[in-house]
Amino acid sequence: CEILQRVPDSTEAIFGFGSTNPAALLFDATEAFENGNVKCDENIRKIKVDGNGNNNGNGNGIDDEDDGLRIAIDFCLDAAAHEFNYAIQKNLLKAASYGKLHCAAYK
């Protein structure tokens, strides 16, 4: 018996080829952290700051910076909820957990 379903947007955002979505960056940052690579800090900064070097939002601090991180965490949780492969699901939950460490909204 085969199951056929549409790929959820959250899964596509994380695992899409060349994706620069905040959730993909968070997932990559988690893998880098586990491997002891400093790229993990770079990716967290990229999530908190947009490509122009400006804070997301109106620039008044932590709440605006955390918007991208909250979205990334939510995407990782949504993708994990739709995933059937246990190992991938576990890695997505690790990424969400790692993101929560850097997000003041979850403390």
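Q: Which residues bring α2 and α3 together?
A: On the α2 side P22, L25, L26, D28, A29, A32 and F33 take part, and they meet K39, C40, N43, I44, K46 and I47 in α3, where contact means heavy atoms within 4.5 Å. Sorted by class, the residues of this contact are nine nonpolar, one polar and three charged; Ala, Val, Leu, Ile, Met, Phe, Trp, Tyr, Cys and Pro count as nonpolar, Asp, Glu, Lys and Arg as charged, and the others, Gly among them, as polar.

Q: What kind of model is this, and how are residues numbered?
A: This is a predicted model, in which local features need pLDDT of at least 70 and side-chain atom pairs count only at pLDDT 80 or more, while totals for chains, interfaces and linings use all residues. Residues are numbered from 1 along each chain as its sequence is written, and side-chain values use heavy atoms, with hydrogens and water left out.

Q: How many helices and strands does the protein chain have?
A: The protein chain has five helices and zero strands, and from the N terminus on its elements run α-α-α-α-α. Both kinds of element are DSSP runs numbered from the N terminus (helices H or I, at least four residues; strands E, at least two).

Q: Why are α2 and α3 called roughly antiparallel?
A: Their axes come within 8 Å and cross at roughly 160°, the axes being lines fitted to C-alpha atoms, for helices over the stretch in contact, with angles from 0 to 180 degrees between N-to-C directions. Angles under 35 degrees count as roughly parallel, over 145 as roughly antiparallel, 65 to 115 as roughly perpendicular and the rest as oblique, and α2 and α3 are therefore roughly antiparallel.

Q: Why are α2 and α5 described as roughly perpendicular?
A: Helix α2 (residues 22-34) and helix α5 (residues 86-101) pack at an angle of about 90°, with their axes 9 Å apart, and α2 and α5 are therefore roughly perpendicular to each other. In this contact L26, F27, A29, T30, F33 and E34 of α2 meet N91, L92, K94, A95, Y98 and G99 of α5, and the residues divide into seven nonpolar, three polar and two charged.

Q: Why does E34 count as partly exposed?
A: Buried means under 20% relative accessible area, exposed over 50%, and partly exposed in between, with a 1.4 Å probe and protein chains only; E34 has 47% relative accessibility, and so it counts as partly exposed.

Q: What joins the side chains of E34 and K94?
A: The side chains of E34 and K94 are joined by a polar contact of 3.4 Å, a term for a pair of N or O atoms within 3.5 Å; within protein, one must be able to donate a hydrogen and the other to accept it, and residues adjacent in sequence count only if both atoms are side-chain atoms.

Q: What makes G99 a buried residue?
A: G99, which lies in helix α5, has a relative accessible area of 0% and is therefore buried. Leaving aside neighbours within four places in sequence, G99 is in contact with L26, L69 and I73.

Q: Why is S10 called buried?
A: S10, found in helix α1 (residues 9-15), has a relative accessibility of 3%, and so S10 counts as buried. Beyond its neighbours within four places in sequence, S10 is in contact with F75, D78 and A79.
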